[in-house]
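Me: I have a structure open and would like to go through some of it with you. Could you take my questions one at a time?

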Amino acid sequence: MEFGLLGPLQARIAGRAVPLNGPRQAKMLAALLLDANTAVPMERLVAVMWDTRPPATAVRQAQDAVSGLRRNLVARGAPASLISTRRGGYEIHLAQGRLDLLEFDHERHLAEQQTVPSGTAAALRRALARWRGNALADVPGRALEIDAARLNERRAATHKECLAIELDLGRHREVIDELTALLHTHPFDEQVAEHLMLALYRCRRQGEALRVYERLRRTLAGELGVDPAPPLRELHQRILTADPALTAVPPATGPSPTGPWATPPQSPDPAVTGPDMAMPVRQLPLDVPDFVGRADALAEIAGLLDGSAPNRAPVAVVVGGPGVGKSCLVTHAARRACAGFPDGQLYLDLAATSDEPRDPAMMLAEALRALSVAGSAIPSSLSERAALYRSLLVDRRTLVVLDDAGHADQVLPLLPGADGCAVLITSRTLLTQLPGARHIDLDVLSPAEARELFTGIVGRRRVEREPGEAEAILDCCGNLPLAIRIASGKLTGRPAWSLRVLRERIEDESRRLAELRIGDLSVRASVELSLRLLPQDAVRALGLLGLLGPHTLPGWVVGPLLDRPDGEEVLDLLVDASLVRLVATDALGEPRYRLHDLIRTCAVELAASLPAEDKRDAVVRVLSVWLELIGYGTERLPAAGLLTAAPGSAPRRALPRPVVDRLMSDPVGWFDAERDNLLGAVKLAADRGLDELAWELAAGAATYYDHRCLYQDWQHGHRLALDAAEGAGNVRG
């Protein structure tokens with residue numbers, strides 16, 4: 001087997017090319033080969049397959065594409081174990097000699113181990129021989145472009161290193177053609193121009209060397225508005241004066257490159273470099289002094305930034321809902337990692353949740369100014385700015401922090417292409433279109449962490465005087481860092497208040513959001529920033545979901561809630577926006593969703609603006625499905641029919657038959673998973689004055705309660721339904 005990425009995508013088995021069945025298989029193979037012998041997560045495969053927002057069936061289609069690829073390869077002689085399924089993704093297993101990228105990396109590693117320059121050059125030549133053209137030249141799709149660009153940058157860097165060593169070894173005649181071609185491909189690269197000028201001069205072609213300098217000077221002035229750097233200007237002057245030291249060639253076994261043939265070190269020219277070139281950029285915000293917890297997330301980020309993967313520019317996206325502490329975490333993690341990025345730390349606020357999200361072209365201009373490019377030297381177009389930005393970060397170990405990102409298109413131009421750099425991003429939305437990015441899902445604090453944060457701000461003595469009140473306040477805040485900081489700030493600014501005073505003011509859910517506000521900090525305002533980014537049907541869905549109570553919910557509820565068959569696509573929007581949380585998968589494999597209590601409070605406020613009839617109809621539709629499912633499940637229980645009441649006049653609504661069959665494949669397991677919702681549905685019906693639905697829902701679950709001996713649930717549900725029926729004068733109920 002032979003696979004190739006370093007050129008057009010290649011797959012050969014037993015000497016014959018393997019035809020891939022369409023671009024999807026090509027994309028899946030490319031994604032797996034880029035991370036050969038490493039599990040590739042499903043979110044990465046989905047991002048590779050779709051350049052735009054993936055459909056609701058994206059995971060299934062990606063799985064189908066990988067399965068088709070595996071069948072295709074196995075049918076042509078590959079072992080069945082070539083591609084294996086891993087938790088949340090897939091992995092392709094290849095020995096070093098089976099993939100050109102692995103061979104390239106191996107030769108690069110051998111080059112680093114050499115102690116003699118000629119041995120280093122030979123190993124680099126073997127590495128370059130693995131290339132057949134531009135990486136992934138024939139694979140379509142925007143998501144793979146950055147990976148291809150990084151590979152091509154590595155090829156160029158390897159080529160430059162090899163030619164520099166060979167030049168030091170006295171092979172100036174042999175490298176001229178390659179340096180000329182390399183400078184044509186990279187017309188702004190002053191290092192390549194310097195090497196070409198030196199090689200030409202050593203070949204007694206002084207005039208051509210000077211013309212190389214003049215062409216580069218005009219290019220830099222015309223395109224970037226800058227002059228050549230001091231080392232190149234110095235070399236130009238030495239060639240003009242025919243400095244004989246430039247013709248000296250170092251010993252073949254000597255180190256690379258020191259001695260009289262090398263350009264003497266120069267002091268930075270402030271007129272050219274600007275003050276920031278001598279001093280690395282340090283833009284990180286102040287760390288949060290009372291930062292607590294987040295040990296797992298910090299460890300995961302530290303593992304990405306520790307430099308153990310030198311051929312990667314790691315990208316980590318910290319995703320979470322409003323007020324969960326994403327920016328605090330990333331700032332804290334970035335400051336802890338500063339020592340590993342001695343060339344600086346850039347910080348850019350993308351302001352995606354503000355009234356005016358920042359344009360990536362403006363962000364690039366800001367970054368270029370921080371890197372000492374100013375005025376007319378900043379290109380006008382987005383692509384030119386991005387190219388210059390990437391070029392400036394080559395050979396630098398720089399950490400880039402992108403705060404409050406909104407979508408992948410806002411982020412992609414700001415990603416450095418250089419190995420040694422790293423990127424930390426915060427976002428309220430999943431950015432699955434960023435190739436190779438690691439997503440870190442940030443939830444609220446644990447109870448212990450929430451208590452530590454609250455105590456650190458309010459004061460230990462004050463908390464110890466009223467520990468029960470402190471726990472009640474944290475419960476009202478739902479352990480959300482923003483809410484805890486607001487509540488703590490109120491207490492700090494009012495030392496005469498007891499904790500009981502604040503607890504009484506926020507325990508009423510109808511007043512809670514109004515109370516959780518201090519200065520510019522507000523839980524309600526923070527949630528509203530996310531709502532502005534959503535389409536109207538998703539905002540309406542969130543409001544209606546708030547009516548269903550605090551329980552975890554199955555995904556199917558959104559369909560009847562909105563009265564549309566594609567309800568789960570709307571639910572995906574809310575999950576991607578971190579307003580609804582995917583909390584678990586039940587025993588039947590069904591995903592479960594939940595609103596944080598404070599977001600649910602905001603959702604209830606949203607629902608208050610909807611027409612009363614709209615809300616009533618939505619609740620009736622959902623409860624009608626619950627009633628129908630309870631009926632299906634009861635018929636399949638071991639004690640079916642023993643306690644079943646004759647149906648009343650409450651409406652029933654059926655889900656599609658395949659969905660029902662899937663849910664009812666284990667009826668006892670389904671009832672167990674929905675135990676809280678069984679009582680929640682009765683209470684919702686009773687609270688909404690739907691007495692007929694209330695008593696039928698309660699009576700329908702009696703067989704399950706009897707089967708599981710859940711007599712307290714049985715009594716509680718029947719009491720709710722009985723009160724509703726008596727209040728409505730419903731004799732049958």
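Me: Is C421 buried or exposed?
Reply: C421 is buried, with a relative accessible area of 1%, where buried means under 20% relative accessible area, exposed over 50% and partly exposed in between, using a 1.4 Å probe and protein chains only. This is a predicted model, in which local features need pLDDT of at least 70 and side-chain atom pairs count only at pLDDT 80 or more, while totals for chains, interfaces and linings use all residues. Residues are numbered from 1 along each chain as its sequence is written, and side-chain values use heavy atoms, with hydrogens and water left out.

Me: How many disulfides does a search of the whole structure find?
Reply: The search finds zero disulfides, a disulfide being a pair of cysteine sulfur atoms within 2.5 Å. For C421, the nearest cysteine sulfur is that of C338, 14 Å away.

Me: Switching to helices, at what angle do helix 9 and helix 10 pack?
Reply: Helix 9 (residues 206-223) and helix 10 (residues 230-240) pack at about 150 degrees with their axes 10 Å apart; axes are lines fitted to C-alpha atoms, for helices over the stretch in contact, and angles run from 0 to 180 degrees between N-to-C directions. Helix 9 is therefore roughly antiparallel to helix 10, since angles over 145 degrees count as roughly antiparallel, under 35 as roughly parallel, 65 to 115 as roughly perpendicular and the rest as oblique. Helices here are DSSP runs (H or I, at least four residues), numbered from the N terminus.

Me: Which residues meet there?
Reply: From helix 9, Q206, A209, L210, Y213 and L216 meet L232, R233, H236, I239 and L240 of helix 10, with contact meaning heavy atoms within 4.5 Å.

Me: How many residues of helix 33 are buried?
Reply: Nine of the ten residues in helix 33 (residues 691-700) are buried, among them W695 and L697. The buried residues pack against helix 29 (612-635), helix 32 (675-687), helix 34 (702-708) and helix 35 (711-728).

Me: Last one, what does L151 touch?
Reply: Leaving aside residues up to four places away in sequence, L151 touches L6, L34, L101, W131 and A135. L151 lies in helix 6 (residues 145-168) and counts as buried at 7% relative accessibility.

Methods: Helix = DSSP H or I, 4+ residues; strand = E, 2+ residues; numbered from the N terminus.
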